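Please consider the following structure.

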Amino acid sequence: MTRNDNASGATPRRINLAALGADTIAYVRPIRSEQVHDLFPQAPEIEPGLQLFALHKADGEPILLTDNRDAVLAEAERNDLTLVSLH
């Protein structure tokens, strides 16, 4: 199986999430604390080696950074965002 194939052998299609609803669709991205400044340049220094979670709008704009996945889910719900799974 190649990297672009799924279990059925079909090649997955790429979907432009921003075109589907940048203000209504979001995704959660696990990141390491070493990656924080790439997404949140204004963030203070964070201890290296931490597992964090970033909530992003469908267009990739970061919304929230936390060390608690439940907080990300609550923020998405509070803002009426539909979470999608990315693979």
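Q: Which residue forms a salt bridge with Arg 78?
A: The model is predicted, so local features require pLDDT of at least 70 and side-chain atom pairs count only at pLDDT 80 or more, while totals for chains, interfaces and linings use all residues. Residues are numbered from 1 along each chain as its sequence is written, and side-chain values use heavy atoms, with hydrogens and water left out. A salt bridge is a side-chain nitrogen of Lys or Arg within 4 Å of a carboxyl oxygen of Asp or Glu. With its closest N and O atoms 2.7 Å apart, the partner of Arg 78 is Glu 75.

Q: How many residues apart are Arg 78 and Glu 75 in helix α3?
A: Helices (H or I, at least four residues) and strands (E, at least two) are DSSP runs, numbered from the N terminus. Helix α3 spans residues 69-78 and contains both Arg 78 and Glu 75. Their spacing is about one turn of the helix, namely three residues.

Q: Is Glu 75 buried or exposed?
A: Buried means under 20% relative accessible area, exposed over 50%, and partly exposed in between (1.4 Å probe, protein chains only). Arg 78 has a relative accessible area of 58% and is therefore exposed. Glu 75 has a relative accessible area of 18%, so Glu 75 is buried.

Q: Why do the buried residues of α3 lie on the same side of the helix, and what arc do they cover?
A: The buried residues of α3 include Val 72, Glu 75 and Ala 76. The arc is that of the directions from the helix axis to the C-beta atoms. They are on the same side of α3 because they cover an arc of only 100°.

Q: Which exposed residues does the face of α3 turned away from its buried side carry?
A: The buried residues of α3 have a cover that includes β1, β2, β3 and β4, where contact means heavy atoms within 4.5 Å. The face turned away from that buried side carries the exposed residues Asp 70, Glu 77 and Arg 78.

Q: What is the order of the strands in the open sheet?
A: Two strands pair if DSSP finds at least two bridges between them. Strand β1 (residues 25-32) is joined to β2 by seven bridges in an antiparallel arrangement, and β2 pairs with β3 (residues 62-66) over four bridges, also in the antiparallel sense. Two bridges join β1 to β4, and these strands run parallel. The open sheet of four strands, with mixed pairing, has the order β3-β2-β1-β4.

Q: Which residue in β3 is the bridge partner of Phe 53?
A: Phe 53 belongs to β2 and is the bridge partner of Pro 30. In β3, the bridge partner of Phe 53 is Thr 66.

Q: Which residue in the turn of the hairpin formed by β2 and β3 has a positive phi?
A: The hairpin of β2 and β3 has four residues between its strands. A phi of about 95° is found in the turn, at Gly 60.

Q: With which residue does Lys 57 meet in a salt bridge?
A: The salt bridges come to a count of two. Lys 57 has 22% relative accessibility, so this residue is partly exposed. At an N to O distance of 3.8 Å, the side chain of Lys 57 meets that of Glu 61.

Q: What is the phi of Asp 80?
A: Most residues other than glycine have a negative phi. Asp 80 is found in the loop between α3 and β4 and is exposed at 66% relative accessibility. Although Asp 80 is not a glycine, its phi is positive, at about 55°.
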